Amino acid sequence: MDIVVALATYYKEECVRSKLALESIQKLRNESYGVIIVDEGSYCEFIDQIKKLGAKVYSIKKENLREAKRESFLRAYESGNEFIVCMEPEKVDFVRSISGLIETMKNKNIDLVVPERKSLDICPKFQKNTEEKLNLFCKEITGWDRDFSFGPLIWRRDCTKYFLNFKSQVEEANWDILFIPPLLAKEDGKKIKQIKIDFNYAKEMVEEEEDSLNFNQKSADTHLKIGRIYDEMEDGKNSLMYVKLAHQIFKKAHKSSEMHETQAFIESLTTKYKDISD
């Protein structure tokens, strides 16, 4: 096979997500895909299981999802396979779409594919709302109408340089390594194609995501993420608005450490954009 799947994992203990990750890895290996995993310190039983499934496992000491992904892309590139797949380990149903997407890439000489969900109606309500907002926000910035928040990507080996050489402008971000490199490849003349696929979330994942605490946490994280991007764009008004929204959600959920973090960020933004905040 000329296909390798690059994954980044981190599970402190057995949970719904770790079980789904194991299911994905099993399905990937059943298809004879190479699987490269860079792990940030998951529980021992998980590491033992993925090794038994035949995945190549590497560890990274720094807990940073962006750098774990980057390391997995480097390892995938070094494997010599022509096609590199990036996906979240918990998106089990995506595995069935890989072969068809790569066949399309071969037939149409495509350099990088951006898979898209046919509809966000498959998502839990909170996820649909936040991801619609995030997709619109990214479209406003980039001018590219795509399903930014879905995640999976497939590219030819020579496109890996856009991911390895990418330098983030927001240290706390862990998602930008999936958003920006495809844009850079597109600007560089690479043939990029958005392809809609059938995709469904695992039932147990949906049930967990619809939990109210998860809703609050993820909604706040999304607002904070958008606030940081607006700050990067020097848009103080919108940055303050989104960070304050995040702070209110964290406060309501009694997330003390997140409250302190966002309060400190609000204070720094207030100082930075003094004329706006007055």
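Which residues do ring pairs link into a cluster? Phe-94, Phe-150, Phe-199 and Tyr-201. Before I go on, please keep in mind that this is a predicted model.

I'll start with the aromatic rings. Searching the whole structure gives eight aromatic pairs. I'll take two of them.

One is Phe-73 with Phe-163, an edge-to-face pair with 5.4 Å from centre to centre and 75° between the planes. Phe-73 is in helix α3, residues 65–78, and Phe-163 is in helix α6, residues 160–164. The two are 90 residues apart, and the pair links distant parts of the chain. Phe-73 has 0% relative accessibility, so Phe-73 counts as buried. Phe-163 also counts as buried, because its relative accessibility is 0%.

The ring centres of Phe-94 and Phe-150 are 6.5 Å apart and the planes are at 85°, which means the pair is edge-to-face. Where do these two sit? Phe-94 is in the loop between β4 (83–86) and α4 (98–108), while Phe-150 is in the loop between α5 (125–142) and β6 (153–156). The pair therefore ties together parts that are 56 residues apart in sequence. Phe-94 and Phe-150 are both buried.

Two arginines also lie over rings. Arg-157 is over the face of Tyr-77, 3.8 Å from the ring centre. Arg-228 is over the face of Phe-265, at 4.6 Å from the ring centre.

Now the helices. Two packed helices are described by the angle between their axes and the distance between those axes.

Take α1, residues 16–30, and α2, residues 44–52. They pack at an angle of about 10°, and their axes are 10 Å apart. Angles under 35 degrees count as roughly parallel, so α1 is roughly parallel to α2. On the α1 side the contact is made by Ser-18, Ala-21, Leu-22 and Ile-25, and on the α2 side by Phe-46, Gln-49 and Ile-50. Of the residues in this contact, five are nonpolar, two are polar and none is charged.

The next case is α3 with helix α7, residues 176–187. Here the angle is about 55° and the axes are 9 Å apart. That makes α3 oblique to α7. From α3 the contact uses Arg-66, Lys-69, Arg-70 and Phe-73, and from α7 it uses Asp-176, Ile-177 and Leu-178.

Methods:
Residues numbered from 1 in each chain as written. Predicted model: local features only at pLDDT ≥ 70, side-chain atom pairs only at ≥ 80, totals over all residues. Heavy atoms only, no water. Axes fitted to C-alpha atoms, helices over the stretch in contact; angles between N-to-C directions. Helix = DSSP H or I, 4+ residues; strand = E, 2+ residues; numbered from the N terminus. Parallel < 35°, antiparallel > 145°, perpendicular 65-115°, else oblique. Contact = heavy atoms within 4.5 Å. Nonpolar A, V, L, I, M, F, W, Y, C, P; charged D, E, K, R; others polar. Phe/Tyr/Trp six-rings, centres within 6.5 Å; stacked < 30°, edge-to-face > 60°. Buried < 20%, exposed > 50% of the residue type's maximum accessible area, 1.4 Å probe, protein only. Lys NZ or Arg CZ within 6 Å of the ring centre and 35° of its normal.
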